[in-house]
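Subject: Structure handover

Hello,

I am passing on the structure we spoke about. Please look through it before reading my notes.

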Amino acid sequence: MRILAIETSCDETAIAVLKIKNTRTGENFSILSAQVSSQVSIHRPFGGVVPNLAKREHIKNLPILFKKVLKEITAVDAIAVTSGPGLEPALWTGINFAQELVKKYNLPLVPVNHLEGHIYSAFMHGDKFLIPKNIFPLLTLIVSGGHTELVLTKKHLEHKILGETLDDAAGEAFDKVARMLELPYPGGPEISKLAKKFHNPLNPPYLKGDKYEKLFPRPMINSKDLNFSFSGLKTSVLYYLRDNPKTDKALVAYEFEQAVVDVLVSKTLKAIEKYNPKTVALGGGVAANDKLREELSRKLGAIGHTLLLPEKQFTGDNAAMIAVAAYFKAKAKKFSKPSASRLTIKAEGGLKLTEK
Ligand code: KG4
Ligand code: ZN
């Protein structure tokens with residue numbers, strides 16, 4: 001099967017074509033083409049994504065990216081598109097473009113949940129990768145700009161949300177704290193870079209006597225459930241900066257990042273203990289964070305689990321991961337016929353994972 005996928009949920013315009021082969025051990029994926037056009041430089045002066053600018057850029061970029069994959073279209077079996085969650089004006093540009101292709105080439109249309117793409121991204125390495133048959137139950141920590149969720153997948157397309165953020169998403173907290181530190185958008189990679197500059201174990205200014213003094217709280221780390229909260233942490237950074245205007249910004253970045261990682265790691269371990277998954281994965285934009293990758297891998301290793309990590313090129317939004325998720329949907333025949341597609345697909349900004 002060959003799938004052409006389109007992703008426009010936020011500020012990356014992306015199109016990819018994947019070839020999928022079913023084998024005895026699992027599904028073999030080959031990326032035939034993967035195009036991503038980032039709008040980061042357009043939104044940076046505004047300190048965040050401006051939905052109508054994103055829409056304008058997607059409309060401009062989609063035909064340009066499509067031209068680059070055009071030679072693959074004759075062998076394509078289905079068109080896939082992210083239908084949510086995300087910014088609705090941005091999602092519609094991808095959906096409308098997909099509808100045109102569906103009509104023109106008489107192909108089925110597969111709507112995809114963006115978060116399902118992030119779940120599968122953990123299996124993606126290079127341009128050829130295998131998703132084995134026996135991965136379930138699969139536990140995924142999804143950490144992105146809009147979501148922080150622990151998801152248990154019992155089989156393809158059947159998920160249970162074990163816990164989620166009650167306020168800000170992890171990536172959102174990174175972006176907001178970055179703004180307080182006067183770092184450019186997107187803030188996650190900037191905070192991570194600055195935090196690395198701080199680390200000086202020989203002379204840590206946060207040591208009081210020989211005791212490690214945490215600057216910031218770890219919200220909900222001891223709560224029994226698997227939910228998260230990052231807005232209090234963000235506020236405590238704000239107060240700390242107000243009360244210590246001359247503070248070392250690298251120290252604040254380091255301590256903030258550590259607080260977020262501590263909570264994410266602790267809740268993931270709690271979920272493993274409770275649900276005993278066969279596979280554990282990390283996905284979403286914040287999965288690019290080195291401290292999170294290292295600490296979660298190490299802590300999982302200590303209890304006999306291997307953490308599946310997306311290659312860094314697949315942590316951020318991309319269309320290849322959308323094609324992977326679409327494949328499992330197409331295989332289960334969960335897509336619309338060309339004639340009906342116009343009526344069935346709409347952008348859903350707040351789309352949730354299908355729970356069973
Ligand atoms: O998945 P993604 O590309 O878009 C959404 O679906 O939201 O995630 C974007 C988020 C942004 O908040 C960005 O700051 C964050 O991922 N991010 C990071 C890092 N790289 C990207 N956060 C922490 N550390 C990073 N290295
Ligand atoms: Zn995303």
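Predicted model: local features only at pLDDT ≥ 70, side-chain atom pairs only at ≥ 80, totals over all residues.

Residues are numbered from 1 along each chain as its sequence is written, chains are lettered from A and ligands numbered from 1 in the order in which they are written, and side-chain values use heavy atoms, with hydrogens and water left out.

The protein has eleven helices and 13 strands (DSSP runs numbered from the N terminus: H or I of at least four residues for helices, E of at least two for strands). Buried residues make up 57% of its 356 residues; buried means under 20% relative accessible area, with a 1.4 Å probe and protein chains only. The C-alpha trace spans about 70 × 45 × 30 Å along its principal axes.

Helix H8 covers residues 249-275. Of its 27 residues, 20 are buried, so H8 is largely enclosed by the rest of the structure. Just after H8, Asn276 takes a positive phi of about 45°.

The zinc ion (ligand 2) is coordinated by His114 (NE2), His118 (NE2) and Asp317 (OD), at 2.0 to 2.1 Å. Donors here are N, O and S atoms within 2.8 Å of the metal (3.2 Å for Na, K and Ca); water is not among the atoms, so the site may look incomplete. His114 and His118 are both buried. They lie four residues apart in helix H4 (residues 114-121), and are therefore separated by about one helical turn.

Regards

Key. Buried < 20%, exposed > 50% of the residue type's maximum accessible area, 1.4 Å probe, protein only. Expected span 1.5 Å × (residues − 1).
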